[in-house]
Amino acid sequence: MPATAKTWPHGIDVRPVAAGEIECFLDVFDAAWGFARDDGRRRHTGAVVAAESPFGAFAEGSIAGTAMSFAMELTVPGQVQVPMAGVSYVAVHPLNRRRGVLRALMRSQLDDLHARGVPLAGLGASEAGIYGRFGYGPATWDSSWRLARGAARGLADGDDGCNLEMIDAPAARELLPAVHEQARQGQVGDVRTYPGRWHDLAGDGAPPGTQFLLGRDDSGRPAGYAICRIQREERYSAHASVIVDHLIALTGAAYRSLWAHLADLDLTNQVIASGRPEHEPLRWALADSRQLVVTGVHDHLWLRLVDLPAALNARRYAAEGTLVLDVTDPFCPWNQGRWLLEGGPDGATCRTAGRTPGPSLRLDSAALGSLFLGGTSVVHLASAGTVEGDAPAVRQAHLMFGTGAAPWCSTEF
């Protein structure tokens, strides 16, 4: 049934999408994004959606909006693995905008996650102004940059611990997921990816001309990889860019060897990378650090504490301390109130605070989502007015939540 712009006297019904309704789910998603019909893409997307937890906002028998979540794990400070719902495929049909569809979807999804005991939800926001009202805050940041050919020459000199080889797509799908999984477990902010991700990186969903570079250590074990392609101005032009879509390394030798190779390919003149850490370590390895030119910095993973005490209990804290968090969370009222956090490097407990005295911060759930991984400074949030507290409370929170290394999420979902 086609969607039409009209009022709904019977309101919006949000419920799980049945197998026979997946095509309608995809119709709404494609209409919202303006995607042309692609049967191959839809077959893959339909299988991905059907295997997870899709929701639809129904009005008079039609799907007016869509949302789903992947069952993921997030690496949090202390290298602890915490269940996270990876929210994705959020869309509202263009004829049904500004009518409460997204709010209804978010309301039902968070209620469902809370009932199932999922402590965290995360997403990548298409627009930064959408999700703060639902308690999500930006928790990791990415950078995009370019590097002139030759700027990393000599970077891997003396590194005998990594041997590079080109592999084909089937080998990439076999070998690379395990490398990523091992790396992400040590990277705060990264997530266990979903199976369909490798279809996009190394399957039919990969851009034409995608190449796969594998690094092995001296024992032959995979130690890192790069997924890249050559973008040439003209067919036989020597002016070309090496587009790096994904690069993961388990060792410093693999990291340096991969970048040294990519930044010195014949018949190219630059490397272009996106989705990289906000503070790329490569800059500090270059003889001339200014050759790495940042072209953009943008938010990536937005976090929402679904079960506040469970989430705060799960992570570790850089310094031993006690802090009272006075949290405003009207969208998930079970989180609202005063919470006593006692934590340190070996663990934490979070429980209702009542009138417990001590350093106290006042903040909303979105600010807490930004603080959770340690990549956002509580001092900055206090200066911005999104966190309130006296100087001792801000200092205590800074010492406890800080990690010393920026979180990074290498995975799109």
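How many aromatic pairs does the structure hold? There are 11 of these pairs in this predicted model. One group of rings links Phe29, Trp33, Phe35 and Tyr89 into a cluster. Elsewhere, strand β9 pairs with β8 and with β10. Two buried residues, Thr268 and Ser144, are also described below.

**Aromatic cluster**

- Phe29 and Trp33 form a tilted pair, with 6.3 Å from centre to centre and 45° between the planes.
- Both residues belong to helix α1, which spans residues 22–33. They are 4 residues apart, about one turn of the helix.
- Phe29 is buried because its relative accessibility is 12%, below the 20% cut-off.
- Trp33 has 44% relative accessibility, so this residue counts as partly exposed.
- Trp33 also pairs with Phe35: the ring centres are 6.2 Å apart. The planes of Trp33 and Phe35 meet at 20°, so this pair is stacked.
- Phe35 is partly exposed as well, with a relative accessible area of 40%.
- Ring pairs bring Tyr89 into the cluster alongside Phe29, Trp33 and Phe35.

**Charges over rings**

- Arg107 lies over the face of Phe331, 4.3 Å from the ring centre.
- Arg315 places its charged end over the ring of Tyr317, at 4.4 Å from the centre.

- Strand β8 covers residues 163–167, and strand β9 covers residues 211–216. The two are antiparallel and share 5 bridges.
- Within this pairing, Met166 has Leu213 of β9 as its bridge partner.
- Strand β10 takes in residues 222–232. It runs antiparallel to β9, joined by 6 bridges.
- Gly215 stands opposite Gly224 of β10.
- β9 and β10 make a hairpin, with 5 residues between the strands.
- Gly220 sits in the turn of this hairpin and has a positive phi of about 90°.

**Thr268, a buried loop residue**

- Thr268 is in the loop that runs between α6 (252–262) and β12 (270–277).
- Its relative accessibility is 7%, so Thr268 counts as buried.
- A polar atom of the Thr268 side chain lies 2.7 Å from the backbone oxygen of Leu265.
- Beyond its neighbours within four places in sequence, Thr268 is in contact with Arg149, Ile230, Ala238, Ala240 and Val242.
- Of these contacts, Ile230 falls within the residue range 222–232 of strand β10.

**Ser144, a buried strand residue**

- Ser144 is part of strand β7, residues 141–148.
- Its relative accessible area is 14%, so Ser144 is buried.
- Ser144 and His298 are 154 residues apart along the chain, with 8.5 Å between their C-alpha atoms.
- His298 is also one of the contacts of Ser144, once neighbours within four places in sequence are left aside.
- Other contacts of Ser144 include Ala273, Ser274 and Gly275. Val293, Val294, Thr295 and Gly296 are also among them.
- Ala273, Ser274 and Gly275 fall within the range 270–277 of strand β12.

Definitions and conventions: Residues numbered from 1 in each chain as written. Predicted model: local features only at pLDDT ≥ 70, side-chain atom pairs only at ≥ 80, totals over all residues. Heavy atoms only, no water. Pairing = 2+ DSSP bridges. Buried < 20%, exposed > 50% of the residue type's maximum accessible area, 1.4 Å probe, protein only. Polar contact = N/O pair within 3.5 Å; in protein donor to acceptor, adjacent residues only side chain to side chain. Contact = heavy atoms within 4.5 Å. Phe/Tyr/Trp six-rings, centres within 6.5 Å; stacked < 30°, edge-to-face > 60°. Lys NZ or Arg CZ within 6 Å of the ring centre and 35° of its normal.
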